[in-house]
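Please look through the sequence and the structure before reading on.

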Amino acid sequence: QVQLVESGGGLVQAGGSLKLSCTGSGSMFSRNNMAWYRQAAGKQRELVASITDMGVPDYADSVKGRFIISRDNFKNTVYLQMRNLKPEDTAVYYCRGSGEYYLGNWGQGTQVTVSS
């Protein structure tokens, strides 16, 4: 059984920061890549950041220099540290992985709202 649960979203003013967490169940977390996605109202879901099993990150151009993805395999958790948030970052944020963590359905996500 595997499951991913996102948390850490909230309301923040432009220029502020938030740290999102995604915690997974199961024993294979450390052997899989993980990624963060987001979906703004009325728009398609997009890839925000990814991290390999070895901890190598990659980012969408829109968040480079502002967001940092990291993981703690002991806690079965992947994080997204978001800095200098902009109103256009407002969206529901989801996590998803490779292998066992490539789930057939998206989780509930966590809402990030950035006020202007």
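β5 and β6 pair in the antiparallel sense, over three bridges. Strands here are DSSP runs (E, at least two residues), just as helices are runs of H or I of at least four residues, and both are numbered from the N terminus. Two strands pair if DSSP finds at least two bridges between them. The model is predicted, so local features need pLDDT of at least 70 and side-chain atom pairs count only at pLDDT 80 or more, while totals for chains, interfaces and linings use all residues. Residues are numbered from 1 along each chain as its sequence is written, and side-chain values use heavy atoms, with hydrogens and water left out.

| Hairpin | Residues between the strands | Glycine with positive phi |
|---|---|---|
| β4 and β5 | six residues | G42, about 75° |
| β5 and β6 | five residues | G55, near 90° |

Next come two single residues. R71 lies in strand β7. R71 is buried, at a relative accessible area of 16%, where buried means under 20%, exposed over 50% and partly exposed in between (1.4 Å probe, protein chains only). The side chain of R71 reaches the backbone oxygen of T52 at 2.9 Å and makes a polar contact with the side chain of N73 at 3.0 Å. A polar contact is a pair of N or O atoms within 3.5 Å; within protein, one must be able to donate a hydrogen and the other to accept it, and residues adjacent in sequence count only if both atoms are side-chain atoms.

V63 sits in the loop between β6 (57-59) and β7 (67-72). V63 counts as buried because its relative accessibility is 0%. Apart from neighbours within four places in sequence, V63 is in contact (heavy atoms within 4.5 Å) with R38 and V48.

Which residues touch the most other members of the largest nonpolar core? They are W36, L80, M82 and Y93, in a core of 25 residues. Such a core is a set of buried Ala, Val, Leu, Ile, Met, Phe, Trp, Tyr and Cys residues joined through side-chain atoms within 4.5 Å. Among the strands that each supply at least two residues of this core are β4 (34-39), β5 (46-51) and β7. Leaving aside neighbours within four places in sequence, the contacts of L80 include W36, V48 and Y93.
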